[in-house]
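Please look over the sequence and the three-dimensional model below before reading on. The briefing that follows takes up one topic at a time and gives the cut-offs of each term where the term is first used.

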There are 2 protein chains.
Amino acid sequence: MFSKACEYGIKACIFIAINSYEGKRVSPKEIAEEINSPHAFTAKILQALVRQRVIDSVKGAYGGFEVSKNEIQHIKLAQIVKAIDGDRIYNGCGLGLEKCDEKHPCPVHDKFKGVRDELKQMLENTSLEELALNIKSGSAFLKL
Amino acid sequence: MFSKACEYGIKACIFIAINSYEGKRVSPKEIAEEINSPHAFTAKILQALVRQRVIDSVKGAYGGFEVSKNEIQHIKLAQIVKAIDGDRIYNGCGLGLEKCDEKHPCPVHDKFKGVRDELKQMLENTSLEELALNIKSGSAFLKL
DNA sequence: TATAAATAGGATAAGTTTATCCGAATTAAA
DNA sequence: TTTAATTCGGATAAACTTATCCTATTTATA
Ligand code: FES
Ligand code: FES
């Protein structure tokens, strides 16, 4: 469904959000430990998320990754997924035709569209805030 | 969503079904031309589908790939996808945890499960027959 | 200003998926 | 029984994703 990079990216954002609530910045190494991912690869993904302005980074001593507290509720899963995996998952044809086109549909178009749109809705309606709360409350987990 | 191999596999099955209705066997080359795929790679995928008993093959002169007419309505998309991509898409965790477990859910579990189950339903309820009819009637396309 | 702690980014390696090629095995028909 | 058409399967290559390593750059603090 999502690439490994995207899975790591989502989990990383959640962990960053939790820490940002407490005013703490986190390093790729801390993040990687918490989400059980290779730290150097995770660092690359974080760089991409910064370039796409999903999260913020502060360089130098006492730096790290963070996200502004006020933004946490407004950042949606859809933004993270789009920043890393692009928007093929939202717009692409399920059978890989050049583009998904009502006028020239593939055989599964009608049925696939429903599922794809539900996925899109889900990603657009889910905020980093609620995901972070699931972790804080202990009702969900980032690894194992 | 699906691998390239799976996309080719689904399209190939549809084309095979259409021809089997007319008692014709088809070769990887014909299939590849019709679905716009690399023919040698397509042949490998067809071999896998034969091993998994989704379709049949007849070796030697006048051989080719086919599917028994009576089966076409009973073959579901889900079988094809499972034969090629496995069942991670049906059972796997959206964030890549070792397994999707209600007792140890990832942060997106509740929301992801809904989408994943809808996808599963769609694939289990869609038969090769209806997809083939979409092509025959000219209301859907296998390439471009 | 020097130092240490951090992100940024390039180069490279490892692993997986996608793709190609070729010869072996099979089979219908001449 | 020979031939030609065809699937099967192994070996290999190309492309992409995932992962590692090292150096440069930035920046707060001593
Ligand atoms: S054309 Fe294939 S999903 Fe729309
Ligand atoms: S645990 Fe992640 S989807 Fe169920």
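A polar contact is a pair of N or O atoms within 3.5 Å; within protein, one of the two must be able to donate a hydrogen and the other to accept it, and residues adjacent in sequence count only if both atoms are side-chain atoms. By this criterion, a backbone N or O atom of B:Gly60 lies 3.5 Å from a base oxygen of DNA strand C. The model is predicted, with local features requiring pLDDT of at least 70 and side-chain atom pairs counting only at pLDDT 80 or more, while totals for chains, interfaces and linings use all residues. Residues are numbered from 1 along each chain as its sequence is written, chains are lettered from A and ligands numbered from 1 in the order in which they are written, and side-chain values use heavy atoms, with hydrogens and water left out.

**Contacts with DNA strand C**

- Two or more residues each are given to the surface near DNA strand C by helix H3 (39-51), strand S1 (56-58) and strand S2 (64-66) of chain A, and by helix H1 (4-21) and helix H3 (39-51) of chain B; helices (H or I, at least four residues) and strands (E, at least two) are DSSP runs numbered from the N terminus.
- There are 26 residues around DNA strand C, of which A:Pro28, A:Lys44, A:Ser57, B:Lys4 and B:Pro38 come nearest, a residue being near if one of its heavy atoms lies within 4 Å.
- Sugar and phosphate make up 67% of the atoms of DNA strand C that come within 4 Å of the protein.
- The residues of this surface divide into 12 nonpolar, 8 polar and 6 charged, where Ala, Val, Leu, Ile, Met, Phe, Trp, Tyr, Cys and Pro count as nonpolar, Asp, Glu, Lys and Arg as charged, and the others, Gly among them, as polar.

**Aromatic pairs**

- Over all chains the structure holds 4 aromatic pairs, that is, rings of Phe, Tyr and Trp (its six-membered ring) whose centres lie within 6.5 Å, with planes under 30 degrees apart counted as stacked, over 60 as edge-to-face and the rest as tilted.
- One of them is the edge-to-face pair of A:Tyr8 and A:Phe41, at 5.9 Å centre to centre and 85° between the planes; the pair links distant parts of the chain, with A:Tyr8 in helix H1 (residues 4-21) of chain A and A:Phe41 in helix H3 of chain A, 33 residues apart.
- A:Tyr8 is buried at a relative accessible area of 12%, whereas A:Phe41 is partly exposed at 38%; buried means under 20% relative accessible area, exposed over 50% and partly exposed in between (1.4 Å probe, protein chains only).
- The rings of A:Phe112 and B:Phe2 have centres 6.5 Å apart and planes at 50°, so this pair is tilted.
- Because A:Phe112 lies in helix H6 (residues 109-125) of chain A and B:Phe2 in the segment before H1 of chain B, the pair joins two chains.
- A:Phe112 is buried, with a relative accessible area of 6%, and B:Phe2 also counts as buried, at 9%.

**Chain A overall**

- Chain A has 7 helices and 2 strands, which run α-α-α-β-β-α-α-α-α from the N terminus on.
- Along its principal axes the C-alpha trace of chain A spans about 55 × 30 × 30 Å, and buried residues make up 45% of its 144 residues.
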